[in-house]
Amino acid sequence: HGFGIPAATLNSSVAEAQARETWRAIRDGSLRLLFVSPERLLMEGCMDALRGAGVRRLAVDEAHCVSQWGHDFRPDYLRLGEVARELGARSIFAATATRSASS
């Protein structure tokens, strides 16, 4: 829980038991905030589960990845627009806390 909001993370570092609990929370609607890597988001079944849960907002962290390192660094970032359309996202927020030393 972050700031009193039921939240979870899905990425390659999450243990299988925790991932199962997160999927349960997604299905039953008790989760309000999910941090998920673009790579995990695009794995089979993830989009269907999120669509079924009624996800309507998409936030993209580290949005500088595409412009700074190019699409070949993490190509799944380029598919986030497609993800937003498939989910029927009403809003998209992109953020980054990283800035180069020359900025």
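User: What makes L10 and V14 partners that A19 touches, not counting residues up to four places away in sequence?

Analyst: A contact requires heavy atoms within 4.5 Å, and A19 touches both L10 and V14 once residues up to four places away in sequence are set aside. This is a predicted model, in which local features need pLDDT of at least 70 and side-chain atom pairs count only at pLDDT 80 or more, while totals for chains, interfaces and linings use all residues. Residues are numbered from 1 along each chain as its sequence is written, and side-chain values use heavy atoms, with hydrogens and water left out.

User: Why does A19 count as buried?

Analyst: Buried means under 20% relative accessible area, exposed over 50% and partly exposed in between, with a 1.4 Å probe and protein chains only; A19 has 11% relative accessibility and therefore counts as buried.

User: Which residues of helix 1 are buried, and why are they said to line one face?

Analyst: The buried residues of helix 1 are A19, T22, W23, A25 and I26. Seen down the helix axis, they fall within an arc of 160°, so they line one face; the arc is that of the directions from the axis to the C-beta atoms. The face turned away from this buried side carries the exposed residues A17 and R27, whereas the cover over the buried residues includes strand 1 (7-10), strand 2 (33-36) and helix 3 (46-52).

User: Why is D76 described as having no salt bridge?

Analyst: A salt bridge needs a side-chain nitrogen of Lys or Arg within 4 Å of a carboxyl oxygen of Asp or Glu, and charge is assigned by counting Lys and Arg as positive and Asp and Glu as negative, with His and the chain ends not counted. For D76 the nearest side chain of opposite charge, R79, is 4.5 Å away, and D76 is buried yet has no salt bridge. D76 lies in the loop between helix 4 (64-69) and helix 5 (80-87), and, not counting residues up to four places away in sequence, D76 touches P38, E39 and L42.

Conventions:
Helices (H or I, at least four residues) and strands (E, at least two) are DSSP runs, numbered from the N terminus.
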